[in-house]
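Please look over the sequence and the structure shown below before reading on.

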Amino acid sequence: MAQNKGSNRSSGKPASTYKTGSNRTTPDHKNVGRGKAGNAANRSGSGRENRKSGLIFVSSLIFIGVLVITLAVVFLKDTGPSELKDLPNYTEIKGDYTAKGLKYEKQPHLGDPNAKVKVIEFADFKCPACKKWEETYMDQLQQEYIDTGKIELFFINYAFIDRDSIMAASAGEAIAAQSNEKFWEFKRKLFAHQGDETKIWATPSFLLDFVKKNIEGIDYDRFAKDLKEHTYMLPVKEDFKTGGYYGVNGTPQFMVNGELLPSASYEELAAAIEAKLAETD
């Protein structure tokens, strides 16, 4: 519509017969008949502009639709069937288990078994906060409380972020079934190699390659068989359900002598440990 107004600057008065710099069209060619015929011409021009605008709008919608479809295809490709293959969810893991009871004897552990204070760490190998806690505080906890015999530390999977969280947890269970000590090495190194939380990265192929390159002193063929056959999926599900039963709703979270702490701060954990130590003196 703006172009139509700009191309027709006549006021409706009889046009001059002289050619000027601002009006290079003579009345014989453009400004003849300003009555009904002129209005019809204006309406025709407006119609053309409306149709042009409509075509542009439709073309824009088509372009946006194609863009959305393309992005969806790319996203599905990134998290497609090939990456989700062999990654079960909890409903697909069948078997009997009980969520009640902390079952310390089933968990990987560090420290003196005779320690009066039992600390449980609930974690997901895909959790960035768990990785940060491991790198920031684990050595301090080891030096102050584990190596001194004050606590025994246990690890329970709370694999909730995605399906490959379950796969990573089952890999840890397979390592622990062979060697308690190697589990803690696996834990530390897998956090160091942690991928993007929003992507599927802890796939069977990744875990097989990771263990082959980083964990020595285990029966690798047995590990590979256990991982591929989902040997330890049910213990992972039991861990998850146990955590939920006791109120775990995120990671990392800690429990001291059966009491779940409201946060994962090292100061709060240390204070809870000291309080329990004082009770046993």
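## Overall picture

A residue is called buried if its relative accessible area is under 20%, exposed if it is over 50%, and partly exposed in between, with a 1.4 Å probe and protein chains only. By that rule, 40% of the 281 residues of the protein count as buried. The model is a predicted one, in which local features need pLDDT of at least 70 and side-chain atom pairs count only at pLDDT 80 or more, while totals for chains, interfaces and linings use all residues. Residues are numbered from 1 along each chain as its sequence is written, and side-chain values use heavy atoms, with hydrogens and water left out.

The protein has ten helices and five strands; these are DSSP runs numbered from the N terminus, helices being H or I with at least four residues and strands E with at least two. Among the contacts in the protein with a separation of 6 or more, 77% come from residues 24 or more positions apart, a contact meaning heavy atoms within 4.5 Å.

## The buried residue D164

D164 is found in helix α5, which covers residues 163-178, and it counts as buried because its relative accessibility is 0%. Its side chain is joined to that of K126 by a polar contact of 2.9 Å. Such a contact is a pair of N or O atoms within 3.5 Å; within protein, one atom must be able to donate a hydrogen and the other to accept it, and residues adjacent in sequence count only if both atoms are side-chain atoms.

Leaving aside neighbours within four places in sequence, D164 is in contact with L87, K126, K199, I200, W201 and A202.

## Helices α4 and α6

Two packed helices are described by the angle between their axes and the distance between the axes. Helix α4 (residues 128-146) and helix α6 (residues 180-192) pack at an angle of about 115°, with axes 9 Å apart. The axes are lines fitted to C-alpha atoms, for helices over the stretch in contact, and angles run from 0 to 180 degrees between N-to-C directions.

On the α4 side the contact is made by C130, K131, E134, E135 and M138, and on the α6 side by W184, K187, R188, F191 and A192. Sorted by class, the contact has five nonpolar, no polar and five charged residues, where Ala, Val, Leu, Ile, Met, Phe, Trp, Tyr, Cys and Pro count as nonpolar, Asp, Glu, Lys and Arg as charged, and the others, Gly among them, as polar.

## Salt bridges

The structure holds 14 salt bridges, each being a side-chain nitrogen of Lys or Arg within 4 Å of a carboxyl oxygen of Asp or Glu. One of them joins the side chains of E92 and R163 at 3.8 Å, N to O. E92 lies in the loop between α3 (81-84) and β1 (109-111) and R163 in helix α5, so the pair ties together parts that are 71 residues apart in sequence. E92 is partly exposed at 46% relative accessible area, and R163 is partly exposed at 25%.

K187 forms a salt bridge with E121, their closest N and O atoms being 3.3 Å apart. This pair links distant parts of the chain, with K187 in helix α6 and E121 in strand β2 (residues 117-123), 66 residues apart. Both K187 and E121 are buried, and a network of salt bridges links E121, E134 and K187.
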